[in-house]
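Please look over the structure shown below. A short briefing follows, grouped by topic.

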Amino acid sequence: MRFVPASCVLAATLLVSAHVQAQQPAPPPAYGPAISLETAKKVMAAAEAEAVKNNWGMVITILDSGGNLVMFHKVDNTQLASIGASEGKARTALTFKRPSKALDDAIAAGGAGLRLLAVKDITPLEGGLPIMVDGKIVGSIGVSGALSSQDAQVAKAGADALAK
């Protein structure tokens with residue numbers, strides 16, 4: 001049997017402990033007070049501007065932190081399926097406290113991510129984002145009507161409006 005100095009054991013323990021701690025994901029943000037109508041109007045205006053700039057027909061849904069509809073906008077001639085998809089993306093981002101794309105990616109990766117398919121009433125498609133104010137989730141935005149990456153671009157423009 002080989003003798004290992006206590007200092008080596010302590011160093012190895014600290015190294016493993018630091019590695020395990022580094023792998024721990026940050027806790028999700030807390031829910032905050034419900035987004036106000038004035039704040040939702042800023043988010044909606046920025047999202048609409050991005051959609052108009054790119055000539056994309058979109059449906060944009062904004063929910064408050066309790067999951068209640070605050071604002072809804074459907075550009076003329078946008079397909080009707082985008083109504084439910086935009087609300088679903090917003091609700092998914094709100095209830096999971098992360099972009100709806102995270103669920104899309106988890107399912108696409110297969111394996112354990114496929115368990116998400118058993119969750120009722122989720123829309124694991126890119127285009128839904130939590131709306132953050134002072135580090136807390138005050139609501140969410142969901143966008144549908146174009147390619148998922150374009151939906152996400154419009155949602156991001158809306159959510160980022162509060163950072164300005």
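In strand 4, I60 has V143 as its bridge partner. This is a predicted model, in which local features need pLDDT of at least 70 and side-chain atom pairs count only at pLDDT 80 or more, while totals for chains, interfaces and linings use all residues. Residues are numbered from 1 along each chain as its sequence is written, and side-chain values use heavy atoms, with hydrogens and water left out.

**The chain as a whole**

- The chain holds five helices and four strands; helices (H or I, at least four residues) and strands (E, at least two) are DSSP runs, numbered from the N terminus.
- Read from the N terminus, the order of elements is α-α-β-β-α-α-β-β-α.
- Of the 164 residues in the chain, 38% are buried, where buried means under 20% relative accessible area, exposed over 50%, and partly exposed in between (1.4 Å probe, protein chains only).
- The chain has an accessible surface of about 9600 Å², and carbon and sulfur atoms contribute 60% of that surface; the areas come from the Shrake-Rupley method with a 1.4 Å probe, and for residues only the protein chains shown count as cover.
- Among contacts with a separation of 6 or more, 67% are between residues 24 or more positions apart; contact means heavy atoms within 4.5 Å.

- Four strands make an open sheet in the order 2-1-4-3, with antiparallel pairing; two strands pair if DSSP finds at least two bridges between them.
- Strand 2 and strand 3 (128-133) are at the edges and have a single partner strand each, so one side of each lacks a neighbour in the sheet.
- From one strand to the next, the twist averages 15 degrees; angles run from 0 to 180 degrees between N-to-C directions, and axes are lines fitted to C-alpha atoms, for helices over the stretch in contact.
- Helix 3 (residues 81-96) packs on the sheet and touches strand 1, strand 2, strand 3 and strand 4. The direction of helix 3 makes about 155 degrees with that of strand 4.

- Strand 1 (residues 59-64) is largely enclosed by the rest of the structure, because six of its six residues are buried.
- V59, T61 and L63 point one way from strand 1, I60, I62 and D64 point the other way, and all are buried.
- Five bridges link strand 1 to strand 2 (residues 69-74) in the antiparallel sense, with I60 opposite H73.
- Strand 1 and strand 2 form a hairpin with four residues between them, and G67 in the turn has a positive phi of about 85 degrees.
- Strand 1 also runs antiparallel to strand 4 (residues 136-144), joined by six bridges.

**Helix 2 against helix 5**

- The axes of helix 2 (residues 37-53) and helix 5 (residues 148-160) come within 7 Å and cross at roughly 145 degrees.
- On the helix 2 side the contact involves V43, A46, A47, E50 and A51, and on the helix 5 side Q153, V154, A157, G158 and A159.

- L147 lies in the loop between strand 4 and helix 5.
- L147 counts as exposed because its relative accessibility is 54%.
- L147 is 21 residues from E126 in sequence, and their C-alpha atoms are 9.0 Å apart in space.
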